[in-house]
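Dear colleague,

I am handing over the structure below, and after it I set out what was found. Please keep it open beside this message as you read.

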Amino acid sequence: MTALNEAYPAARTQDELSRNLAAVRARIDAAARRAGRDPAEVRLLPVSKTVELERIRLAYAAGCREFGENKVQEAEIKSSALAELPALRWSVIGHLQTNKARQVAAFASEFQALDSLRVAEALDRRLQAAGRALDVFVQVNSSGEASKYGLEPAAVPAFIRELPAFHSLRVRGFMTLALLSPDAAKVRGCFVLLRGLRDRLRQDAPAGVELQELSMGMSGDYEIAVEEGATVVRVGQAIFGSRALPDSHYWPTGPNTQEHPA
Ligand SMILES: *Cc1c(COP(=O)(O)O)cnc(C)c1O
């Protein structure tokens with residue numbers, strides 16, 4: 001996020017949600033064209049964490065058919081409460097503990113925060129049991145911040161080589177969170193790093209591992225991400241309005257954060 005303190009107006013009605021969705025989409029399209037890209041290459045994933053069911057229904061009515069959620073429990077509750085909505089997909093975009101793999105295998109269509117073989121193994125086992133497959137993105141720490149989840153870039157090639165063993169995981173590409181900084185050049189550097197990694201590794205990716213996708217960019221920085229090659233942007237507040245909870249509630253912010261992979 002470049003605009004750390006930016007306030008996003010709340011969208012309470014279907015019309016307001018439609019307007020925000022259209023505005024974000026228009027900015028994505030413009031950013032893609034600036035970079036000489038086809039806007040159709042960029043998928044907008046609306047992020048609905050903390051958004052109540054009522055407004056998720058309105059967003060569905062406004063045309064959304066997928067939502068990203070950071071926390072497994074919140075996602076699971078919402079997915080079962082909204083199970084009657086046809087063709088609705090859920091993407092888990094936050095860190096996963098192995099003891100939640102069963103839930104994710106049951107309801108999610110996509111998992112964007114794969115950063116350990118233990119989680120890959122746990123998911124694959126649960127998916128096999130459920131007879132399902134899951135699209136996954138490998139999360140990369142592109143910011144160099146010790147507090148972020150995700151693999152160090154240098155660890156990614158070896159990690160990728162292990163993934164074909166997990167037959168139920170369909171590896172699609174990489175996901176990252178950029179530096180939380182008002183310095184656009186530094187934010188852009190994170191996206192450039194991820195794209196460079198994808199471009200290098202794509203050439204000799206193992207069979208069955210597809211490294212096409214780059215999930216990068218959020219409300220504060222998605223236009224920069226699109227200019228640098230994002231194929232998925234994860235946007236919450238610019239669609240639904242500012243969240244009451246600070247981002248530190250969702251992301252580890254300090255060295256003492258529990259569950260952080262050392
Ligand atoms: C919350 C979240 C987003 C969206 O952030 P906004 O500021 O609401 O656009 C994107 N990615 C992840 C991993 C998130 O947790």
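Although Thr50 is not a glycine, its phi is positive, at about 70°. Thr50 counts as partly exposed because its relative accessibility is 34%, where buried means under 20% relative accessible area, exposed over 50%, and partly exposed in between (1.4 Å probe, protein chains only).

Before going further, please note that this is a predicted model, in which local features need pLDDT of at least 70 and side-chain atom pairs count only at pLDDT 80 or more, while totals for chains, interfaces and linings use all residues. Residues are numbered from 1 along each chain as its sequence is written, and side-chain values use heavy atoms, with hydrogens and water left out.

The mean pLDDT of the protein chain (pLDDT being the predictor's confidence in each residue, from 0 to 100) is 92, and 91% of the residues reach 70 or more. Residues 254-262, however, have a pLDDT below 50, and this stretch has 12 contacts in the model beyond near neighbours in sequence, a contact meaning heavy atoms within 4.5 Å.

The ligand

The ligand is surrounded by 13 residues, of which the closest are Lys49, Asn70, Ser219, Gln237 and Arg243; a residue is near a molecule or strand if one of its heavy atoms lies within 4 Å of it. This shell divides into 6 nonpolar, 4 polar and 3 charged residues, with Ala, Val, Leu, Ile, Met, Phe, Trp, Tyr, Cys and Pro counted as nonpolar, Asp, Glu, Lys and Arg as charged, and the others, Gly among them, as polar.

A polar side-chain atom of Lys49 is 2.6 Å from an oxygen atom of the ligand, and a side-chain N or O atom of Arg234 is 2.8 Å from a nitrogen atom of the ligand. From the backbone, an N or O atom of Gly236 comes to 2.9 Å from an oxygen atom of the ligand. On its own the ligand has 380 Å² of accessible area, of which the protein covers 99%; such areas come from the Shrake-Rupley method with a 1.4 Å probe, and for residues only the protein chains shown count as cover.

Gln237, one of the closest residues to the ligand, belongs to helix H9 (residues 237-240), and its side chain reaches the backbone nitrogen of Arg243 at 3.2 Å. Gln237 is classed as buried because its relative accessible area is 10%.

Elsewhere in the chain

Ala87, in the loop between helix H3 (72-81) and strand S3 (89-92), also has a positive phi without being a glycine, near 60°, and with 61% relative accessibility Ala87 is exposed.

Ala32, by contrast, is found in helix H1 (residues 14-34) and is buried, since its relative accessible area is 0%. Leaving aside neighbours within four places in sequence, Ala32 is in contact with Arg37, Asp38, Pro39 and Val226.

Leu169 lies in strand S6 (residues 169-175) and, at 7% relative accessibility, is buried; not counting residues up to four places away in sequence, Leu169 touches residues including Leu114, Ala120 and Leu123. Its C-alpha atom is separated by 9.6 Å from that of Gly208, which is 39 residues apart from it along the chain.

Arg198, in helix H7 (residues 184-202), is buried as well, at 8% relative accessibility, and, with residues up to four places away in sequence not counted, it touches Phe174, Leu211, Gln212 and Leu214.

Finally, Tyr222 is found in helix H8 (residues 222-227) and is buried, with a relative accessible area of 3%. The C-alpha atoms of Tyr222 and Lys71, which are 151 residues apart along the chain, are separated by 21 Å.

Technical notes
A polar contact is a pair of N or O atoms within 3.5 Å; within protein, one must be able to donate a hydrogen and the other to accept it, and residues adjacent in sequence count only if both atoms are side-chain atoms. Helices (H or I, at least four residues) and strands (E, at least two) are DSSP runs, numbered from the N terminus.
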